Amino acid sequence: MAPAPPSFAPTPPPPLLGRRFPALAGRLPWLSLGSFPTPVQRVSGLGFELWLKRDDLAGSPGLPGGNKVRKLEPVLAGLLQQGAGTLVTSGAQGSSHLLAAASYARRCGLRACLVVGPQHPGAFVAARYALLQRGGAHLVPVPRLELTAPVALLRSALPGAALVEPGASGPRGVLGHLVAGLELAAQIAAGELPCPEAVWVAAGSGGTAVGLALGLGLAGLGGVRV
């Protein structure tokens, strides 16, 4: 399936990042793909205080991927700036990263080639993989997620292909969650939630934790437990 006509246009970096690093203006490509800031919500009935930052609401309406859109804003902007025609990335069958990468790449006018490794079967994984199969990306199944060689071969075989790290957790992608850390700090400063004793995140590639640690550190708040 051919990519759709581009529906997202380049923008300046988010204000939270631009105000802190003015030199990035005009130098760091960015796309506004998501809905930010994401809200914070207190969880009741636990016997202790727990707040959620609802990054499951980060994406554009009708597009999957949850918080992965944060990483894709700088990553896809960088691919467009360098003139790439195809995004090549990798993950497991139930990967939110693969779903988001395929969906947003297509909306940005890019093709997606996805190296897909196996995952423990279940209804959730099966549903995610079915979405991938229907999403128009070119899928390359592999027997295990030792992906350096297959991804490198695909990149060399596809004209205009650009590699995106698993989970989009390279230097550009981490910037997306650095902004999330600054965003959370701003919500704390505005009184939307108390200053947390600890921030907990689920970890796959680790990019979310790294970005949050950087953003919260820049804002003078504590670290991230993985």
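Reader: How much accessible surface does the protein chain have, and what share of it belongs to carbon and sulfur atoms?
Author: The areas here come from the Shrake-Rupley method with a 1.4 Å probe, and for residues only the protein chains shown count as cover. This is a predicted model, where local features need pLDDT of at least 70, side-chain atom pairs count only at pLDDT 80 or more, and totals for chains, interfaces and linings use all residues. Residues are numbered from 1 along each chain as its sequence is written, and side-chain values use heavy atoms, with hydrogens and water left out. The protein chain's accessible surface comes to about 11,300 Å², and the share belonging to carbon and sulfur atoms is 59%.

Reader: What percentage of the protein chain's residues count as buried?
Author: Buried means under 20% relative accessible area, exposed means over 50%, and partly exposed is in between (1.4 Å probe, protein chains only). Of the 226 residues in the protein chain, the buried part is 44%.

Reader: How many helices and strands are there in the protein chain?
Author: Helices (H or I, at least four residues) and strands (E, at least two) are DSSP runs, numbered from the N terminus. On that basis the protein chain has 7 helices and 10 strands.

Reader: In what order do the 4 strands of the open sheet come?
Author: Two strands pair if DSSP finds at least two bridges between them. β7 (138–141) and β8 (161–163) each have a single partner strand, so one side of each is left without a neighbour in the sheet. β5 and β6 pair over 7 bridges, while β6 and β7 pair over 4. The pairing in this sheet is parallel, and the order is β7-β6-β5-β8.

Reader: Is β5 enclosed or open to the outside, and how many of its residues are buried?
Author: Within the sheet, Val 88 stands opposite Cys 113 in β6. β5 is largely enclosed by the rest of the structure, because its buried residues number 7 of the 7.

Reader: Which helix lies across β5 and β6, and at what angle to β5 does it run?
Author: Axes are lines fitted to C-alpha atoms, for helices over the stretch in contact (heavy atoms within 4.5 Å), and angles run from 0 to 180 degrees between N-to-C directions. α4 lies across β6 and β7, at about 130 degrees to β7. The helix across β5 (86–92) and β6 is α3, and its angle to β5 is about 160 degrees.

Reader: What distance does helix α7 reach from its first C-alpha to its last?
Author: The expected span is 1.5 Å times one less than the number of residues. Helix α7 (residues 207–218) has 12 residues, for which 16 Å is expected, and its reach is close to that, at 17 Å.

Reader: Is Glu 197 buried or exposed?
Author: Look for Glu 197 in the loop between α6 (171–189) and β9 (199–200). Its C-alpha is 9.5 Å from that of Leu 221, with 24 residues separating the two in sequence. Because its relative accessibility is 84%, Glu 197 counts as exposed.
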